[in-house]
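I'm opening my notebook for a look around this one. Here is what I looked up, entry by entry.

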Amino acid sequence: MRALMILWRREVALAWAGGGGPLLACGFFLCLTVLVPLAAGGDPAGLKPVAGGIAWLALALSSILSLERLFERDLEDGALDLITLGPVPLELVVLTKAKAQWLAVGAPLALTAPVAAITLGLPPALVPLVALSALVGALGFALTGALGAALALGARRGGLLIAVVVLPLFIPPVVFGAGALERAANGLTPLPALAFLTAYVLFAAVVTPFAGAAAIRNAQG
């Protein structure tokens, strides 16, 4: 447990170091949500039906920005070899890195999401739902993103490969998250969509540690 806590604190500190990954992700998120209304002509009536989908698409794209450094940096400086030889199983290392990514990047994005959603025309009454669904969805993005980062480990143009791998995996949470906002905006209960979103996160939490650890062992040779 002590080794896990040390690893988790290290990952959170590294996420904020070297340019501030969370600030970059939040800035990119807000820029996307500002550019879309400008490109659409600034008509609130036209933006309102697709506001939830645009917000979730921007959230997914923003979550990719800092994934390349999740494992690649440790592989280059040899830290990943030391972590592999340590007392913590590699599966728990992958899970810890994903949780740190969620806390350092996903949580700030979830706090930024209500501002972006209101900018796109969603009612202010949906702010709690936007924040809650974005927080759950960000955990799913962090888990599947960690899997993509592990699969692209050691490859040339790893950032591009990560995007190719994880973007299809990001489709279900985008669909469920946007569906929850759409149902709530139409006066329906968002619970079914939130249940599917939570189920996706739980499935990713089961698959990612084992698949990610296998990918890292393969990259290490």
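**Entry 1: S62**

I started with S62, which is found in helix α4 (residues 51-63). Helices here are DSSP runs of H or I with at least four residues, strands are E runs of at least two, and both are numbered from the N terminus. Before going on, I noted that this is a predicted model: local features need pLDDT of at least 70, side-chain atom pairs count only at pLDDT 80 or more, and totals for chains, interfaces and linings use all residues. Residues are numbered from 1 along each chain as its sequence is written, and side-chain values use heavy atoms, with hydrogens and water left out.

Is S62 buried or exposed? I found S62 buried, at a relative accessible area of 0%. (Buried means under 20% relative accessible area, exposed over 50%, partly exposed in between, with a 1.4 Å probe and protein chains only.)

Next I checked what the S62 side chain reaches. I got the backbone oxygen of A58 at 2.8 Å and the backbone nitrogen of F29 at 3.4 Å. I also listed contacts (heavy atoms within 4.5 Å). Skipping neighbours within four places in sequence, S62 touches A25, F28, F29 and L109.

**Entry 2: salt bridges**

How many salt bridges does a search of the whole structure find? I got one. (That's a side-chain nitrogen of Lys or Arg within 4 Å of a carboxyl oxygen of Asp or Glu.) The partners are R217 and E91, with their closest N and O atoms 3.3 Å apart. R217 sits in helix α11 (residues 191-220) and E91 in helix α7 (residues 90-120), so I jotted down that the pair links distant parts of the chain, 126 residues apart. R217 counts as partly exposed, because its relative accessibility is 41%.

**Entry 3: aromatic pairs**

I searched the whole structure again and came away with three aromatic pairs. (Rings of Phe, Tyr and Trp, using its six-membered ring, pair if their centres lie within 6.5 Å; planes under 30 degrees apart are stacked, over 60 edge-to-face, the rest tilted.)

W56 and F141 pair edge-to-face, 6.1 Å centre to centre with 65° between the planes. W56 is in helix α4 and F141 in helix α8 (residues 127-151), so this pair ties together parts 85 residues apart in sequence. W56 is buried at 3%, and F141 is buried at 1%.

F176 and F196 are stacked, because their planes are at 25°, with centres 5.4 Å apart. F176 lies in helix α10 (residues 171-185) and F196 in helix α11, 20 residues apart in sequence.

Notes. A polar contact is a pair of N or O atoms within 3.5 Å; within protein, one must be able to donate a hydrogen and the other to accept it, and residues adjacent in sequence count only if both atoms are side-chain atoms.
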